[in-house]
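Work through the exercises below with the sequence and the coordinates at hand. Each task is followed by a solution in steps.

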Amino acid sequence: MASEQNQIYHERQRLQFCLLHSLNNLFQQKDAFTRATLNSIAERLVLDDPEKEIWTPFSLVFKPHHNSVTGNYDINVLIAALEGRGKTVIWHDGRNGASAIDLNDGLLMGIVVNVPVRRYGGLWKSRHWIAVRKIDGVWYNLDSDLQAPHCFKDCGEVREFLNFIINHDGPVLLVKK
């Protein structure tokens, strides 16, 4: 397993760029997406919005779809980035639980989840993007907060993880090829 894990691309967390890291981990490629790419997508989303927000001095940092200093991109940027690469994003209906997800679907590229997190002794509440992907027949949690990818022992363990996310109000997004 160690030699297999050496071949798995795993980008580590920096600031609040977890969406960037989760996309690169999902695509298994350094710089599959960059800050510049995601910033451009976020800016395009603002320009395309018919109900643009009124500009304020805070708009330089706190943009509608991301924070320009720390990152912290929203789901609209995630969906636009994936659709821009020809992927389809399906929001899993959590009422059905993880058992309704076909983890052996050949069109399933991976899964992206968004979980609540507390940092700095609980003073900072935020959300964190995590990619889960099957690589060479094995499912991995590619969370950028982990030291290394976490190998799930089987599909049952993947479903337990996804049910935990669902039960804590975390969206589960299926990414199809």
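**Exercise 1.** Which residues does Leu38 touch, not counting residues up to four places away in sequence?

*Basis.* The model is predicted: local features need pLDDT of at least 70, side-chain atom pairs count only at pLDDT 80 or more, and totals for chains, interfaces and linings use all residues. Residues are numbered from 1 along each chain as its sequence is written, and side-chain values use heavy atoms, with hydrogens and water left out.

*Solution.* 
Step 1. Apply the contact criterion, heavy atoms within 4.5 Å.
Step 2. With residues up to four places away in sequence set aside, Leu38 touches Leu20, Leu23, Phe33, Tyr73, Val77 and Ala81.
Step 3. Buried means under 20% relative accessible area, exposed over 50%, and partly exposed in between (1.4 Å probe, protein chains only). This core has 32 residues, of which Leu38 and Leu78 touch the most other members.
Step 4. List the elements that give two or more residues to the core: helix 2 (18-27), helix 3 (35-48), helix 4 (75-84), strand 2, strand 3 (124-135), strand 4 (138-141) and strand 6. Helices (H or I, at least four residues) and strands (E, at least two) are DSSP runs, numbered from the N terminus.
Step 5. Note another core apart from this one, of 19 residues, among them Ile111, Val117, Ile165 and Ile166.

**Exercise 2.** Which residues of helix 4 are buried?

*Solution.* 
Step 1. The buried residues are Ile75, Val77, Leu78, Ala80, Ala81 and Leu82.
Step 2. Recall that an α-helix has 3.6 residues a turn, so residues three or four places apart point the same way.
Step 3. Inspect the ends. At the start of helix 4, a side-chain oxygen of Asp74 comes within 3.0 Å of the backbone nitrogen of Asn76. After the helix comes Gly86, with a positive phi near 80 degrees.

**Exercise 3.** Where does UniProt place the feature "active site"?

*Solution.* 
Step 1. The unreviewed UniProt entry gives this feature at Cys18, His128 and Asp143; such annotations may be inferred rather than shown by experiment, and the positions are in the numbering used here.
Step 2. The three positions span 126 residues in sequence, yet no two of their C-alpha atoms are more than 9.0 Å apart, so they gather at one spot.
Step 3. Cys18 lies in helix 2 and is buried, at 3% relative accessible area. His128 belongs to strand 3 and is buried as well, at 1%.
Step 4. Beyond four places in sequence, Cys18 touches Gln13, Arg127, His128, Trp129 and Ser144.
Step 5. Ser22, also in helix 2, is buried at 2%.

**Exercise 4.** How many salt bridges does a search of the whole structure find?

*Solution.* 
Step 1. Look for a side-chain nitrogen of Lys or Arg within 4 Å of a carboxyl oxygen of Asp or Glu. The search gives two.
Step 2. One joins Asp93 and Arg95, at 2.6 Å from N to O. Asp93 is partly exposed at 28%, whereas Arg95 is exposed at 76%.
Step 3. Asp105 and Lys176 form a salt bridge at 2.4 Å, N to O. Asp105 lies in the loop between strand 1 (88-91) and strand 2 (108-119) and Lys176 in strand 6 (residues 172-176), so the pair ties together parts 71 residues apart in sequence.

How values were computed
A nonpolar core is a set of buried Ala, Val, Leu, Ile, Met, Phe, Trp, Tyr and Cys residues joined through side-chain atoms within 4.5 Å. A polar contact is a pair of N or O atoms within 3.5 Å; within protein, one must be able to donate a hydrogen and the other to accept it, and residues adjacent in sequence count only if both atoms are side-chain atoms.
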